[in-house]
Amino acid sequence: MRSLYFLLLLGIVVSACSTDSKESPPNILVFLVDDMGWQDTSVPFHTENTPFNERYNTPAMEKLAAQGMIFTQAYSNSVCTPTRVSLLTGMNAARHRVTNWTLRKGGDQEPRHPYLNHRNWNVNGLSPEPGVTGTVYATPLPAILKNAGYHTIHVGKAHFGAMDTPGADPLNLGFEVNIGGHAAGAPGSYEGLDSFGNSRNNAWDVPGLEKYHGEDIYLTEALTREAIAALEENLRTGQSFFLYMSHYAVHTPIMADKRFVQKYLDAGLDQKEASYASMVEGMDKSLGDLMEWLGNNGLEDNTIILFTSDNGGLSAVARGGEKHTHNRPLSSGKGSAHEGGIREPMIVSWPGQRASGKIEQPVIIEDFFPTILEMAGIEQWETVQDIDGISFAGLLEGKKMDYSRPLFWHYPNFWGPSGPGIGPSSTIRKGDWKLIYYHDKRDFELFNLAKDIGETKNMYKEKAEIADSLARILGDYLRSVKADMPYDSSLNDNVPWPDQIQ
Ligand code: CA
């Protein structure tokens, strides 16, 4: 308003066109990487440069970090679907009960725990319609954005709902365009020459993209070209866009992106780790291409970019080298309640609203929902669900959020692989303290993350008062959202709440 007044003082006639561009809501680009770890980047998210920062090459992320803010303590859930449902609904996983990854309708494809059973989780994921068995019914974020006038584009991995349910198709969730997204959480293949898996005709076939079948092109590149084509199409309308650019990379199958792999082999990495690093760099090129397109089209000053990953870097299986070390200095990886499973590389660029630098206040994936709505300037919105997330938009304007806010994770499912922090659990972080409650043995780990980011020293016995206090807050929260605790066949009862353990 002040600038308008200033312009009028100067006697400049403000055209309808420039007024429109001033008032049009910002474009929003969510750039979500799959299974990318906190250290899978040349951008330092730790207090010091690490060997992994030296290994990986992510120049576009460096550029984004230079123009935006780095979040050093950003969290997701430890596996795919819970995070994606939290992002689209603003709900914590304990509340939405989509606590594990989804695929087949009614099918809970996870391995069986010897004595814990948790049949009540939402095996079919997110549903935009009420009454669908095994789903959480919620108002999805893109539907609200669409109703507010945004053009909503989904590109890449969806993984919101099980096959043959409404939530499997992004077009049912408020997206107007869907490129390559469906129920599955991984591609059959990253190779165009392999038709992205379509030669095998199974659940993992990437849908659409037929024009690239038989072509020597990597999936990340094909998705990026299609995303840009969709943006080009939208450019003609002048409508603000919400682009959900959700790469399948760097999820398994770990397959080399030939454009980038040689330098990692030359650096001495084994084939698997060199391939992984090439997938990371291919993902980064996609970010760079999108940023370049925004710049070339004069949209960079009116486009907010939010970059993050849906869980920690895979480390328990399928990687080269020693297990559980791929996210160091963090412990463990995907599937774990330890930091390696849940802490994410996150960068937000909000032109005109930022002070460059680092934000150390912890944020969690369900915060994206109210944040994006606030950034879009949408003040009146309604959902059928209760929201757990809190907008972090203020952090980007230099305000402080309440650092003592507790954050919660709830993963009563049995992932399969074993390792540090892996197993059915509920977790709370408050301030620097983090308490993990393991459902199977009813034991706890308490860590001070400020002093022990690697979660090496369990302080549970030493700091019993802190542990008790956190267990009470965690128990109260889980009860308040009617969280599903597993049934223990050895007890003939549900696993007790964390504050019921003496
Ligand atoms: Ca994932």
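Student: How many residues of domain 1 are in contact with how many of domain 2?
Tutor: This is a predicted model, in which local features need pLDDT of at least 70 and side-chain atom pairs count only at pLDDT 80 or more, while totals for chains, interfaces and linings use all residues. Residues are numbered from 1 along each chain as its sequence is written, and side-chain values use heavy atoms, with hydrogens and water left out. An automatic or database domain assignment sets the bounds, giving domain 1 (24-396) and domain 2 (407-500). With contact taken as heavy atoms within 4.5 Å, the counts are 46 residues of domain 1 and 45 residues of domain 2.

Student: What area is buried between domain 1 and domain 2?
Tutor: Buried area is the accessible area (1.4 Å probe) that two parts lose on being put together, summed over both. Carbon and sulfur atoms give 58% of the area between these domains, and the total is about 3600 Å².

Student: Which residues of domain 1 lose the most area to domain 2?
Tutor: Three residues together account for 17% of what the domain 1 side buries. They are Tyr115, Leu116 and His338.

Student: Which side chains meet in a salt bridge?
Tutor: The rule asks for a side-chain nitrogen of Lys or Arg within 4 Å of a carboxyl oxygen of Asp or Glu. Across the interface of domain 1 and domain 2 it finds one salt bridge. At 2.8 Å, N to O, the partners are lysine 434 and glutamate 339.
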